[in-house]
Structure formats: structure tokens, C-alpha cells
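Here is a quick tour of one structure, starting with its aromatic rings and moving out to its surface. Take a look at the sequence and the model first.

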Amino acid sequence: MEDLKLILAKNITALRQSSRMTQLELAEKLNYSDKAISKWERGESIPDVTVLKAIADLFGVTLDYLLEADHEQKPMPSRESPGYQHRNRKVATGLSVLLVWFMATLSYVVMDLTVPGNIVRWLPFAYAVPTTMIVWLVFNSIWFNTRRNYLIISLLMWTGIACIVLTITAFVMPVWKLFFLGVPGQLAIFAWSRFQKKNTKK
């Protein structure tokens with residue numbers, strides 16, 4: 001039994017890592033806690049047969065594969081495998097972020113050619129930062145770890161305030177005290193994250 005626990009632990013760990021998944025991400029897909037995944041990967045316990053079947057289906061292998069100590073070859077990732085999908089999603093997210101910065105660069109070039117002086121030409125790059133946060137938030141909410149959303153929302157809030165301050169400063173007067181608005185906003189985001197964690201535990 002101990003040997004079987006270690007074999008399963010090794011195979012589950014290898015499949016998860018090859019798919020570039022965290023223990024938490026695997027736990028969410030199986031509707032288990034990350035502590036349970038950690039115990040399986042340390043060989044302290046064995047998932048029941050229904051969970052083993054779910055793991056095998058998730059990674060595109062057979063139940064026999066999970067129970068074998070040695071494999072002649074590694075399973076080839078299919079287009080439906082988590083690793084393949086995860087890479088594609090990262091590429092799609094990265095391309096979307098690059099599109100934001102391409103548009104910022106294009107705006108800078110157009111303004112450089114048409115707007116006299118150099119007061120506002122850099123503003124597209126400033127606004128590209130919170131726009132990047134919005135793109136990241138959308139893709140993270142759809143495809144990745146939603147617990148990271150609190151960090152992204154915090155960054156979005158602070159970079160958004162920074163853009164407002166920079167814009168007003170460039171055209172009117174220094175208004176750096178607007179950053180104080182971020183303090184209650186940050187406290188609200190923190191309280192929201194704690195509330196969500198408590199609800200998740202229930």
C-alpha cells in the first residue's frame with residue numbers, strides 16, 4: 001500500500017507540474033481543497049476511485065497510467081489537455097496586453113506628429129497601465145486564479161488614480177492629494193477579499 005501511495009503521489013505531481021498547474025488550481029478543478037492535493041502528492045493518503053478517474057480524465061491518461069511506477073513514454077498533451085489550454089490562454093492574454101501597448105505607442109506617434117509641445121504626448125503610456133490591469137482582470141476572471149483579482153483590482157485603482165492626477169497636473173495644477181482617495185478604496189478591497197474567503201470556507 002505504501003508503494004502504491006508513493007507511485008500515485010509521483011504520478012499526480014508529475015502530471016500537474018507538466019500541465020503547469022498549481023495545487024490550488026487542481027483542487028478547484030476536482031472540487032477538493034489544496035490540502036487534500038498536498039496530502040496525495042506527499043503520499044500521505046490516496047484519493048478514492050472516482051477522484052482517480054477524474055484525475056485521469058483531466059490529464060488525458062488512463063487509470064493504469066496513474067498506478068504504474070514506470071512509463072515507456074510521457075503522455076502527449078492533446079489540445080484539450082490543461083497544459084495546452086493554459087499555454088494558449090497565457091498567449092492570448094499576452095497578445096491582448098501587447099495590443100494595448102501598441103495602441104498607446106500609436107497614439108503617442110500620432111500626438112507627436114500633430115500636437116505641438118510635449119505636455120501630453122506621454123499620457124497614452126500612462127493610461128496604458130490601468131488599461132492593462134483591466135485586460136488582465138478580465139482574462140484572469142475567465143481563465144486563471146480568481147483569488148488574484150484582489151491584487152489586480154488594487155493595482156487598477158492606484159494606477160487609475162495616478163492617471164487622473166497626471167492628467168490634471170499636466171493641464172491644470174498639481175493634485176497629488178487625490179491619492180488619499182485610494183486609502184478607503186484599498187481598505188474596501190481588503191475587506192471584500194476577507195469576506196469572500198470566509199464565504200468560501202463555509
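F125 has a relative accessibility of 28%, so this residue counts as partly exposed (buried is under 20% relative accessible area, exposed is over 50%, and partly exposed is in between, with a 1.4 Å probe and protein chains only). Keep in mind that this is a predicted model, where local features need pLDDT of at least 70 and side-chain atom pairs count only at pLDDT 80 or more, while totals for chains, interfaces and linings use all residues. Residues are numbered from 1 along each chain as its sequence is written, and side-chain values use heavy atoms, with hydrogens and water left out.

What does F125 pair with? The rings of Y108 and F125 sit with their centres 5.4 Å apart and their planes at 50 degrees, so this pair is tilted. Rings of Phe, Tyr and Trp (its six-membered ring) pair if their centres lie within 6.5 Å; planes under 30 degrees apart are stacked, over 60 edge-to-face, and the rest tilted. Y108 belongs to helix α6 and F125 to helix α7, so the pair ties together parts that are 17 residues apart in sequence. Helices here are DSSP runs (H or I, at least four residues), numbered from the N terminus.

By the ring rule, there are four aromatic pairs. One of them is W101 with F125, a stacked pair at 6.4 Å centre to centre and 25 degrees between the planes. Ring pairs link W101, Y108 and F125 into a cluster.

| Residue | Relative accessibility | Class |
|---|---|---|
| W101 | 31% | partly exposed |
| Y108 | 30% | partly exposed |

Now for the surface. L99, F102, M103, L106 and V110 make up a nonpolar patch with about 480 Å² of accessible area together. Patch residues have over 30% relative accessible area and no salt bridge, with nonpolar side chains joined within 5 Å and like charges within 9 Å. F102 is in helix α6.

A positive patch is formed by R20, R87, K90 and R148. R20 sits in the loop between α1 (2-18) and α2 (23-30).

Finally, helix α3 (residues 34-42) has A36, I37, S38, W40 and E41 as its buried residues. After α3 comes G43, with a positive phi near 75 degrees.

How values were computed: Helix = DSSP H or I, 4+ residues; strand = E, 2+ residues; numbered from the N terminus. Areas by Shrake-Rupley, 256 points an atom, 1.4 Å probe, with all protein chains shown as cover. Salt bridge = Lys/Arg side-chain N within 4 Å of Asp/Glu carboxyl O. Lys, Arg positive; Asp, Glu negative; His and termini not counted. Charge placed at Lys NZ, Arg CZ, Asp CG, Glu CD.
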